[in-house]
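The following note is intended for a colleague who is meeting this structure for the first time. Please read the numbered points beside the sequence and the model.

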Amino acid sequence: MHSASSLLLTTLASLLSATYVHAATYSLHQNNVGTDFLSNFVWETTANPPGGRVEYTTQSDALSANLTYAHGDTFIMRVDDTATLSASDAGRKSVRIKSNEQYTTHVAVFDIRHMPQGCGTWPAIWEVDDTVGVAHGEVDIMEGVNNHSPGYSTLHTPNSCTMPTNGRNQKGTAVGNDCSSTTTESDGNNGCSVSSPFSSSYGPTFNANGGGWFVIERTSSAVSIWFWARGDDTVPAAVSGGASTIDTGSWSTPPIANFPSSSTCDFSTNLKSHNIIINTMLCGPWAGERYSASGCPGTCIDYVNSNPSAFTDAYWDFAALRVYL
Ligand SMILES: *[C@@H]1O[C@H](CO)[C@@H](O)[C@H](O)[C@H]1NC(C)=O
């Protein structure tokens, strides 16, 4: 009896220490809920990219126009749905926020109730140092256009970088494997995009389902992006419950996208410190380019100018954004 139970204890102890050694465990560093976003992010008034049709607002203007609303466990960023624009207007008012802090190795959990939807919309959650463009690399955690499901996760690099075509630990489908921003691929894009395998991870389907959780883990050896829809009972309790520690090694669900560092893509030269950026672009190089193909009416610019009420659902609603280091 005695020796059997001590053997059991020894076995348990070695199992626990083995788990501890192999797991990637992170501690909660910054918990953004409601008004936390106002102090931990800056409202960027970045100019439009070619063909873009937004006017990004300062924090004070966004708060007074209720394009930003932070209260309790709600943080909303919306697009103006009242003004009819003329050609001389800069664009439809929108919001773009950037974290004050920069990160390298980290986990970030985005608990989202609603994302911008509608023709002409291009919602994005991404990580980059936008003071240097793509020179320090860029990870697009989640983006898409014109209600067209699924969304995409993409790695952009300043230098040569190719992803393996096979054997990546991911559920999504690789659309391109040359991540270098100096190369334009046959689809007109650049970067290594992976399309989500879930229609529930983007647009109206995501919203109808009550949203869900996107998670990024960046280490020196890989970037991985997971998604769980609201109500998916396979979501790790630490993700849905906002735990103080997160152990990505304990998750059985493969990520939707996995970008490994390797001899053909050296992260040490391609990925530096990044801010987290969340924004809603209208039209521009992607949403404008794909506007008609997405089944949207007329031209993107005319639609944005003349149809304010079409942007009532073009809003983000975040329950939380938790950063773990
Ligand atoms: C601002 O937006 C919030 C969230 O949608 C809403 O509950 C609130 O009533 C709005 N405030 C005003 C003054 O419109």
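1. An oxygen atom of the ligand lies 2.5 Å from an N or O atom in the side chain of Arg78, and an oxygen atom of the ligand is likewise 2.5 Å from a side-chain N or O atom of Asn66. A polar contact is taken here as a pair of N or O atoms within 3.5 Å; within protein, one must be able to donate a hydrogen and the other to accept it, and residues adjacent in sequence count only if both atoms are side-chain atoms. On its own the ligand has 360 Å² of accessible area, of which the protein covers 38%; such areas come from the Shrake-Rupley method with a 1.4 Å probe, and for residues only the protein chains shown count as cover.

2. This is a predicted model, in which local features need pLDDT of at least 70 and side-chain atom pairs count only at pLDDT 80 or more, while totals for chains, interfaces and linings use all residues. Residues are numbered from 1 along each chain as its sequence is written, and side-chain values use heavy atoms, with hydrogens and water left out.

3. Around the ligand stand Asn66, Tyr69, Ile76 and Arg78, a residue being near a molecule or strand if one of its heavy atoms lies within 4 Å of it. This shell divides into two nonpolar, one polar and one charged. In that scheme Ala, Val, Leu, Ile, Met, Phe, Trp, Tyr, Cys and Pro count as nonpolar, Asp, Glu, Lys and Arg as charged, and the others, Gly among them, as polar.

4. Where in the fold is Asn66 found? Asn66 belongs to the loop between α3 (59-64) and β4 (68-71); helices (H or I, at least four residues) and strands (E, at least two) are DSSP runs, numbered from the N terminus. The phi of Asn66 is near 60 degrees, a positive value in a residue other than glycine. Most residues other than glycine have a negative phi, and most peptide bonds are trans.

5. The peptide bond from Ser149 to Pro150 is cis, with omega near 5 degrees. Pro150 sits in the loop between β10 and β11. Those two strands pair in the antiparallel sense over four bridges, where pairing requires that DSSP finds at least two bridges between two strands. The bridge partner of Glu138 is His156 in β11.

6. An open sheet of eight strands, with antiparallel pairing, runs in the order β2-β7-β18-β9-β10-β11-β13-β12. Its edge strands, β2 (41-43) and β12 (173-174), each pair on one side only.

7. Strand β1 (residues 25-32) pairs in the antiparallel sense with β16 (residues 245-247) over three bridges, and Thr25 has Asp247 of β16 as its bridge partner. β1 also pairs in the antiparallel sense with β19 (residues 315-324), over four bridges; there Asn31 stands opposite Arg322.
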